[in-house]
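User: I am new to this structure. Please take a close look at one part of it and walk me through what is there.

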Amino acid sequence: MRKRSSTEVFRITGARQSLADDVRGRQRRYIISMSVRTLSVILTVVLWNVERPVAIVTLVLGVLLPYVAVVIANAGRENAPSLPSTFVPAPVRPAIAPAAAPVATESAPPTHE
């Protein structure tokens with residue numbers, strides 16, 4: 001049987017996302033944002049003489065999206081407050097108490113009638 005020498009128990013469900021996965025996710029969001037920006041700039045050029053109000057909206061989107069994308073990409077790692085604690089104290093095992101010695105009581109001799 002294995003001995004348990006450590007009193008600390010760690011939950012893997014409370015572990016944070018790995019740094020590589022976090023960076024990959026932020027890069028993916030940035031690429032998607034820049035793709036939307038590129039599409040909006042192209043739509044601005046195409047629609048400028050055809051549908052000017054739509055072209056202005058796409059132009060504003062193309063101007064504001066890089067700022068938003070950079071802020072989101074540089075936001076850093078997210079904390080996960082909804083996950084359980086990463087440290088769980090080990091359950092305390094009750095010690096087995098020694099058996100109480102039987103108490104010797106003097107008994108009266110049985111009476112015969």
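Analyst: Arg26 is buried, and Asp22 is buried too. Buried means under 20% relative accessible area, exposed means over 50%, and partly exposed lies in between (1.4 Å probe, protein chains only). Arg26 and Asp22 form a salt bridge, with their closest N and O atoms 3.2 Å apart. A salt bridge here is a side-chain nitrogen of Lys or Arg within 4 Å of a carboxyl oxygen of Asp or Glu. The two residues sit four apart in helix H1, so about one helical turn separates them.

This is a predicted model: local features need pLDDT of at least 70, side-chain atom pairs count only at pLDDT 80 or more, and totals for chains, interfaces and linings use all residues. Residues are numbered from 1 along each chain as its sequence is written, and side-chain values use heavy atoms, leaving out hydrogens and water.

By the salt-bridge rule, the count comes to two. Arg24 pairs with Asp21, and their closest N and O atoms are 2.7 Å apart. These two are three residues apart in H1, again about one helical turn. Arg24 is partly exposed, at 44% relative accessibility. Asp21 is partly exposed as well, at 33%.

Now the helix itself. Helices are DSSP runs of H or I with at least four residues, strands are runs of E with at least two, and both are numbered from the N terminus. H1 has 29 residues. Its first and last C-alpha atoms are 42 Å apart, close to the 42 Å expected at 1.5 Å a residue. That expected span is 1.5 Å times one less than the number of residues.

The buried residues of H1 include Gly25, Ser33, Met34 and Leu47. What do the buried residues of H1 pack against? They pack against H2. In turn, H1 (19-47) is among what covers the buried residues of H2. Contact means heavy atoms within 4.5 Å.

H2 covers residues 52-73. Among its buried residues are Ala55, Gly62 and Leu65. H2 bends by about 35° at Leu64, and Pro66 follows within four residues. The bend is the angle between axes fitted to the seven residues ending there and the seven starting there. Leu59 also lies in H2. Leu59 is partly exposed, with a relative accessible area of 40%.

Last, the setting. The protein chain has two helices and two strands. Along the sequence they follow the pattern β-α-α-β. Of its 113 residues, 13% count as buried.
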